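We will start with the whole chain and then go stop by stop.

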Amino acid sequence: AARPAAQRQETTAERHPVHRLTADGVLVVTVSNYADLTDFVGVGQRLQAAAAELPKARAAVFDLRPSAPPGEEGRGALSYFLSDPAFVRALIDAPASAPGERFRMHSGLAPQDGSTSGGYYSAFYTVDGRRFAPGKDAKGVPVVFVVDRHGELPASALALQAAGKAAIVVEGDAPGDAAVVTKHVFELPGGVTVQMRRGELVNADGTSGLRADAALPERAAGDEDRALAAALALARDFKVERHAGGRPLPALGSPPAEKVYAETPYPSAELRLLAAFRVWAVFNYFFPYKDLMREDWDATLREFIPRMEGAKDATEYHLAVAEMTARTHDTHVGARSQVLNEHFGVAPPPFVVRMIEGAPVVTRLLDEAAARAAGVSVGDVVVSVDGERVKDRRARLAKYVSASTPQALDYMLAARLLRGAEGSTAALVVSGADGKERDVKLTRRADYLKALTSQRGGDVIKLLPGNVGYADLERLNVPEVDQMFERFKDTRAIVFDMRGYPRGTAWAIAPRLAGQSSVVAALFQRPVAMSPDGGAGGIGGQSTTYSFAQHIPRSDKWKYKGRTVMLIDERAISQSEHTGLFFEAANGTKFVGSHSNGANGDVTRFFVPGGIGVSLSGHSVRHADGRQLQRVGLVPDVEVRPTIKGVREGRDEVLERALEYLRDGR
């Protein structure tokens, strides 16, 4: 509460802190103008002058009630000065300890849904309380602190109170521990200042909060200052019980469940705005590749605030969320919801296309009978879909797709290009080897996706001409690894086909390739959010990074000494690329093909209103030597890409080139 005008004039006539010694020996130190505390040198001199009076004093009273609610200027300085050990040692004759302060922290973003290999978590951390030692020959005096709901309490006040050497008198509404805990202050448009607490006290006995020794009602203008009178009376006849605080701390490790806001796909305008801010905040604090984004993320937020607010229906709103997340340029990022599924469709026709030589080319038939009946063959080029030219369809879909690299965008769009509603008809124009365009119609079915569990058929493990082993890592299982090595024991080389997604075999294979122990395979980092950005004192924010090096596991089994190559392309993403890092570090495995996807880092997930799930990379992952992987991909040592002609001829040009490299060494 602001103090009455008459009192204010009396206490602000000179720069604060001011002090006086009462006739009966009580030292009264007054700080009602917190703005004066910005004069660091002057404040120090004035406190030294006050401390010089302590040998003559029987007690001390610190009146810390501001004459008006303090603004940004001078905030925190009071606690700094009155908790200076050089000042406090004159007040005490025995050691004293202040309570600690507990804060919330987030080591990466713990997923709201599903599991993750990232090990992300949220936790409390406690900062130890300040310890104060007495000065030489210090006699110590009873101390009373007077505060109101706008005042600050220094750590020294709590330390002395806990030691039974001080009392706290509150005028008006009790500030609770808000008078002493760390606060975050920021400005909103319209001149609104927001202050929120960040921590809570942790007393020595396990409780939290503070307790006033005396509480007086707020006085009106002209009334007697009963709070100061009570403080002086306490100081003169100091009898207080030693205590630590108040309420028990809440149970640890049981935070309330995160809301997924799935009540309606078209939430209120307020919740749509929350979605924009939640997407911004998660990527601002937890996206490990924020430094690689081309976008000005703050500007992106400003762009999407009106778009979220103005979305006229669920579809427009969900598309806005998808487009905002796509600006992060991480293939692991995706917005998913039933509304988006219905808009884009989840059912493909009975074949798969890849972008080859800049065109969507049929590379595989998921239902051979249905595809051939419609007149579609491997090697056909798709020219248009449902009356929309492929170039235009790609451009329309691309803004909703987060992709780390151009090849990743090709990969993602190839998967979406032909999809539609379950049972709908895909009306396509395709071009064959003769260059002539023809119309074809096929039924879309979600069941066709079941055939996409692998990219290839045939033997998972086999011997190729020239005594070269071949293993399809997309289909090889961990229990089959030892069998594979036994079969390839006498081969001169192994080709590992990583054009797809593996089954966790890197941790079993790499140790059999490594000639040394404790080989670093990859470098990891993740953001650790310790506090909000901005705030008081000109501090931009407090954050840190958790870093670690991942090693190839140890194995006592025999090691393979032959040459190894890995086949890669845009279908190698995440664990596929991580497998490449393991093999590269183990024995210098060479990469043959084209750049991989360029997205790695233990996916995590969160929700925004409307029940929209959003995924993202939670770790930054680099090569063992520190080279960038994200937004680059694994770089081929021997670059080769399939051609439309090769697809039509049924050739695997990448494998052919790998065998040529192993034969000729170039």
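Helices (H or I, at least four residues) and strands (E, at least two) are DSSP runs here, numbered from the N terminus. By that count the protein chain has 18 helices and 33 strands. This is a predicted model: local features need pLDDT of at least 70, side-chain atom pairs count only at pLDDT 80 or more, and totals for chains, interfaces and linings use all residues. Residues are numbered from 1 along each chain as its sequence is written, and side-chain values use heavy atoms, with hydrogens and water left out.

**Whole chain**

Select everything and show the C-alpha trace. Along the principal axes, the C-alpha atoms fill a box of roughly 110 × 60 × 40 Å. The radius of gyration of the protein chain is 34 Å, while a compact globule of 666 residues would have one near 26 Å. That radius is taken over C-alpha atoms, and the globule rule is 2.2 Å times the number of residues to the power 0.38.

Now colour by accessibility. Buried means under 20% relative accessible area, exposed means over 50%, and partly exposed lies in between (1.4 Å probe, protein chains only). Of the 666 residues, 50% count as buried. The accessible surface comes to about 29,600 Å², and 50% of it belongs to carbon and sulfur atoms. Areas come from the Shrake-Rupley method with a 1.4 Å probe; for residues, only the protein chains shown count as cover.

Switch to contacts, meaning heavy atoms within 4.5 Å. Among contacts with a separation of 6 or more, 73% join residues 24 or more positions apart.

**Aromatic pairs**

Show the side chains of Phe, Tyr and Trp. Their rings (for Trp, the six-membered one) pair if the centres lie within 6.5 Å; planes under 30 degrees apart count as stacked, over 60 as edge-to-face and the rest as tilted. The structure holds 18 aromatic pairs.

Select F40 and Y80. Their ring centres are 5.8 Å apart and their planes stand at 40°, so this pair is tilted. It links distant parts of the chain: F40 sits in helix 2 (residues 40–51) and Y80 in helix 3 (residues 77–82), 40 residues apart. F40 is partly exposed at 48% relative accessibility. Y80 is exposed at 51%.

Next, select F283 and W297. This pair is edge-to-face, with 5.7 Å centre to centre and 70° between the planes. F283 belongs to helix 7 (residues 269–286) and W297 to helix 8 (residues 297–310), so the pair ties together parts 14 residues apart in sequence. F283 is buried at 0% relative accessibility. W297 is buried too, at 4%.

**A covered helix**

Select helix 5 (residues 155–162). How many of its residues are buried? The count is 6 of 8, so the helix is mostly covered. The buried ones are S156, A157, L158, A159, L160 and Q161. Step just past the end of helix 5 to G164, where phi is positive at about 75°.

**Backbone stops**

Go to H16 and P17. The peptide bond between them is cis, with omega near 5°. P17 lies in the loop between helix 1 (5–11) and strand 1 (18–21).

Jump to N467. Its phi is near 60°, a positive value in a residue other than glycine. The loop here runs between strand 23 (461–464) and strand 24 (468–472). N467 is partly exposed, at 38% relative accessibility.

R631 also has a positive phi, about 65°, although it is not a glycine. Find R631 in the loop between strand 32 (620–623) and strand 33 (638–639). Is R631 buried or exposed? At 17% relative accessibility, R631 counts as buried.

**Two last selections**

Pick A549 in strand 27 (residues 543–551). A549 is partly exposed, with a relative accessible area of 34%. Not counting residues up to four places away in sequence, A549 touches V520, A522 and L523. A549 and L523 are 26 residues apart in sequence and 4.6 Å apart in space, C-alpha to C-alpha.

Finish at E584 in helix 16 (residues 575–587). Leaving aside neighbours within four places in sequence, E584 is in contact with T589, F591, H623 and R627. Then draw a distance from E584 to E422: 43 Å, C-alpha to C-alpha, for 162 residues in sequence.
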